[in-house]
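Hi everyone, thanks for making time.

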Amino acid sequence: MDVIEAIGLRKDFTVRVKAGRLRRRRRTVSAVNGVDLRVARGEMLGYIGPNGAGKSTTLKMLTGVLTPSGGDARVCGMVPVAQRTRLALRIGVVFGQRSQLWWDLPLGESFALLRHVYRVPPGDHAARLRRCRSLLDLDAFLDTPVRQLSLGQRMRGELTAALLHGPEVLFLDEPTIGLDVVSKQAVRSFLSALGASGDTTLVLTTHDLADIERLCRRLVVIDHGRVVHDGTIDALRERYGSRRRVLVDLDEPLESAPVLPGANLKASEGEGRRLEYELESATAGEVIARLAGLGALRDVSIVEPDIEDVVARLYTSR
Amino acid sequence: MADLRARPYWALFRGHARGQMSYRVSFAVDLVTNVSATALDVFTVLVLFGVTHTLGGFELREALVINTLAACGFALADLAVGNIEKIKVYVRTGLFDALLVRPLGALRQLLLMDMPIRKLSRGLFSVTVYAVALRLAPVDWTPARAWLAVAAPLGAVAFFAAVFVCTASVAFWWTDSGEVGNAFTYGGRDFTSYPVSVYSGWFRSLFAYGLGFAFVAYYPALVLLGRSDPLGLPSWVGWLAPLVSLPATAVAALVWRAGVRHYASTGS
């Protein structure tokens, strides 16, 4: 069964643009313009796109914050806005800039209050909190008021806050934005463990593609309010032509760089001692085998395309 | 069941109250200064009677009943829902999102999470002043009048609360609404604080009957004081006046719901 179903989801905003000294013209902008999305239980979905593409707006419609201008959405079988409070018991939300914690209270007290807000049985609450405490290293700052926490500490607190009621779906809007490397790693490995257990469906938006590579098999790319790619990361690479490359170092330079079927020569350096091929239809093994037949190979490496290049190409091609 | 449903809100309130207490000194100072607001209202009436002997046909003791009834209703409504004015900030910054993802009603959350406990002193003071005004006024006490003396301030609280919610909801449509709503909340309170007979023309028609402010303090006070309306309405109007809070709260609830549906959030 699909936990999230969206069909033709749309959100229009009216903006007033300056037209002359005092006059304002009203203009309708579609932030989300017909998004279809199905997410199965236990999936980990990366939802990416450039600034203003409609990522956050989509998430807000799925969580019942914004009323869609058109289309249908169902999350856990419920209509988000109409059944907002019931849905809220079954989903968790981490919006980077919108804290669920009490600013002036120690972190631990926020967790205790959230138990009542979500009406969680004490036993379940304690078990989930214990798990988060050990996985996210919360103990050192559990007694610190939230206003005094570092960004990384607070984000770990927010993640815990969103999970204490055992949600079926966790929505994360930019969970690693602004975090240092260590905190990013902590958040990623936590989410990865959470996703691996298979009970929680994860939907995250991010600008940090390392998040996606680390966490999500499935990637949905949105631009100008429309889905432009929905599939695996490999399928995206395939489709947008960023390919793996084979780099070989030869003992003796070849007189002329060989032309190989199914691969393009991209570079030849050091008088032909180092060759770089981009793989098209040939496999890395075929290319290496052919080159090995022409001369002794000193070193071989295979370079994976950077997902950032792929996505940059995708954004600019539109 | 009622207990189970109220508990999450009680938790919200506790969290907020504890947060407030973490700033002890400022809290104590606010408790004291808030009393002065109501004291000033009463003082204004006394000053007015320093220059005149009657106000719209009412002597000082009578005018004070109207004035303190209005002040009492307003101060308690301000305590309970006055901080809804902060909705402007929540809407402009998009913080309202955080309330909408919780399994609770947005309005109740907003009120409880930010309840100005420091205004408690003002609420208590205004109730005391109302009781004193009733004691001094020439009231011919009957069980029905005693009942009305309690129902009238409760109706006034509900009415002002509705006004607060309506005017604050403007922020959902007009983010830079600024102080526009205050013209009606504070303007309405000031209108209510004096006998309606001192006003005239379209202004009186609009505020007194169009928006219903005359039924908050003036008409109930007429019945309490055993006076007939100089403007000609029969006395049963005064007995039923507290009920005007019912349509007012219904309108407020509709406006609020429409506002939440219209909420546009912000980019993040």
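This is a predicted model: local features need pLDDT of at least 70, side-chain atom pairs count only at pLDDT 80 or more; totals for chains, interfaces and linings use all residues.

I'll start with chain B as a whole, zoom in on one of its helices, and then move to a strand in chain A.

Okay, chain B. What does its secondary structure come to? We get 13 helices and zero strands. If you read along the sequence, then, the pattern is just α after α, from one end to the other.

How about its overall dimensions? The C-alpha atoms fill a box of roughly 60 × 40 × 40 Å along the principal axes. For 268 residues, a compact globule would have a radius of gyration near 18 Å, and chain B comes in at 20 Å, so the two agree. As for burial, 45% of the 268 residues of chain B count as buried. And if you take the contacts in chain B with a separation of 6 or more, 80% of them are between residues 24 or more positions apart.

Now the helix I wanted to show you, α11 of chain B, residues 218–225. Why do I call it largely enclosed by the rest of the structure? Because eight of its eight residues are buried. Going along, that's Tyr218(B), Tyr219(B), Pro220(B), Ala221(B), Leu222(B), Val223(B), Leu224(B) and Leu225(B). And what covers them? The cover includes α3 (60–81), α8 (143–173) and α12 (236–240), which belong to chain B as well.

Over to chain A, and strand β6, residues 169–173. β6(A) is mostly covered, with five of its five residues buried. Which way do the residues point? Val169(A), Phe171(A) and Asp173(A) go one way, Leu170(A) and Leu172(A) go the other, and all are buried. So do have a look at Asp173(A), which is on the buried list too.

What does β6(A) pair with? On one hand there's β5(A), residues 91–95, running parallel to β6(A) and joined to it by five bridges. Within that pairing, Ile91(A) has Val169(A) as its bridge partner. Then there's β7(A), residues 201–205, again parallel to β6(A) and again with five bridges. There, Leu172(A) stands opposite Leu204(A).

Notes: Residues are numbered from 1 along each chain as its sequence is written. Chains are lettered from A and ligands numbered from 1 in the order in which they are written. Helices (H or I, at least four residues) and strands (E, at least two) are DSSP runs, numbered from the N terminus. The radius of gyration is taken over C-alpha atoms; the globule rule is 2.2 Å times the number of residues to the power 0.38. A residue is buried if 20 or more other C-beta atoms lie within 10 Å of its own, exposed if 12 or fewer, and partly exposed in between; C-beta atoms are placed from the backbone. Two residues are in contact if their C-beta atoms, placed from the backbone, lie within 7 Å. Two strands pair if DSSP finds at least two bridges between them.
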